[in-house]
Amino acid sequence: DPDWCDLRSNLSALHRIPAEQILCGNGSMELIACLTLAFAAEGAGVLAPAHAYPFFKTAARVARARFDTAPETTAGVSVDAMLDALRPDTRLVFIANPGNPTGTRIPRDELLRLRNGLPDHVLLVIDEAYGEFADHLGEQMFDLVGRGDTVILRTFSKAYGLAGLRIGWGRVPSAIGAEIRKVMNPNNISAAAQAAAAAAVCDADYMQETCMMTAQSRDGFITRLRDAGFMVPESFTNFALVRFDSAETAHAVDAWLRSDGVVARPQGGAGLPDCLRITVGTADELDRAAGLMERWAQREVT
């Protein structure tokens, strides 16, 4: 179904947004790529925070656009830095909120300040791949699409656990959506994937319970790491970002974890070579990872 009718209908009912403003992609990556192809002219600017989701840069390069970044603070994205980094030819601004790989989050009032500070011709794309993990805060941004200059993206890869089926979606202003569809594969999501996603949307209670349980496990894991002396920012996702004193230490800890079968993700590609990202797993897996980190910390002390 090239119009994803059942899936759109279910998403519309769950989020109380118009079905005709919903676009679905082969993962949110397809939507990010098509937005960039449609709106970032060759040589024009695409702006994102310094430690943003690396695919934003890939999409800009594919579109032959210039990729600009704004510095981040230890607390995450700085709206003031983003506005200062704007250039006259900036066409697109990408924000992942909650952030990947930082796990940090920009409050609604700050996102509104960013949007109000951008010129009208600049398209703001807010990638909420981990949005369901922060929905309990009551600060959804779908209403911002009504301005006509903002896109909100989500995915089934995180909270819904359907990464292998490749289903992303977003609320998109009608005029923007018409341009995106010109560069999209019209048969982008298989019938099986659409059916699975449409069914998952109807089981929102299970998804929300999963997010709550994941957050509890994450916060307990972060507390253990902090108690062991590691620097870990507050996370609004299903992972924890651990910062070390150097890239060399991060590499050594990564090797230490891998030697006992625990695989973290190094973050050099996101400009954070001194960090590892550790995704929430089962209670036993988290206990094993935390124990290894504690033993590393104790080894360093002694």
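Predicted model: local features only at pLDDT ≥ 70, side-chain atom pairs only at ≥ 80, totals over all residues.
**Entry 1**

I began with Arg 87, which is partly exposed, with a relative accessible area of 43%. For these notes, buried means under 20% relative accessible area, exposed over 50%, and partly exposed in between (1.4 Å probe, protein chains only). Residues are numbered from 1 along each chain as its sequence is written, and side-chain values use heavy atoms, with hydrogens and water left out.

Which side chain meets Arg 87 in a salt bridge? I found Asp 68, at 3.6 Å from N to O. A salt bridge here is a side-chain nitrogen of Lys or Arg within 4 Å of a carboxyl oxygen of Asp or Glu. Arg 87 sits in the loop between helix 4 (79-84) and strand 4, and Asp 68 in strand 3, so this pair ties together parts 19 residues apart in sequence. Helices (H or I, at least four residues) and strands (E, at least two) are DSSP runs, numbered from the N terminus.

How many salt bridges does a search of the whole structure find? My notes say 20.

I looked at Asp 135 and Arg 154, whose side chains meet at 2.8 Å, N to O. This pair links distant parts of the chain, with Asp 135 in the loop between strand 5 (123-127) and strand 6 (150-155), and Arg 154 in strand 6, 19 residues apart. Asp 135 counts as partly exposed at 23%, while Arg 154 is buried at 1%.

Next I checked Asp 219 and Arg 218, which form a salt bridge of 3.0 Å, N to O. Asp 219 is partly exposed at 36% relative accessibility, and Arg 218 is buried at 7%.

Most residues other than glycine have a negative phi, and most peptide bonds are trans. I therefore wrote down the exceptions that follow.

Trp 4 has a positive phi near 50° and lies in the segment before helix 1 (5-15). Is Trp 4 buried or exposed? Trp 4 counts as buried, at 0% relative accessibility. Arg 64 also has a positive phi, of about 60°, although it is not a glycine. I placed Arg 64 in the loop between helix 3 and strand 3 (66-70), and this residue is exposed at 58%.

Then came the cis peptide bonds. One joins Asn 97 and Pro 98, with omega about -5°. Another joins Asn 100 and Pro 101, with omega about 20°. Pro 98 lies in the loop between strand 4 (90-96) and helix 5 (108-117), and Pro 101 is in the loop between strand 4 and helix 5.

I searched a 1 Å grid over the protein atoms alone: a cavity is a set of points where a 1.4 Å probe fits but cannot get out, a pocket is an open set with protein on both sides within 12 Å along at least five of seven lines, and lining residues have an atom within 4 Å of a point. Points are joined across faces, edges and corners, and a volume is the space filled by probe spheres set on them.

I counted 2 cavities of 30 Å³ or more. The largest cavity holds about 100 Å³ and has 15 lining residues, with Asn 97, Arg 105, Glu 128, Ala 134 and Glu 139 nearest its centre. The second largest cavity has a volume of about 80 Å³. Its lining has 13 residues, of which Glu 72, Val 77, Ala 96, Gly 99 and Thr 102 lie nearest its centre.

Which residues lie nearest the centre of the largest pocket? They are Tyr 53, Asn 100, Tyr 130, Lys 158 and Arg 277, out of 21 in the lining. Helix 2 (28-39) and strand 9 (265-267) are the elements that give two or more residues to that lining. The largest pocket has a volume of about 360 Å³.

**Entry 1: Around helix 3**

Last, I visited helix 3 (residues 55-62), where Val 62 has its place. Val 62 is exposed, at 57%. Ala 59, also in helix 3, is buried at 3%. I noted that the C-alpha atoms of Ala 59 and Leu 92 are separated by 11 Å, with the two residues 33 apart along the chain.
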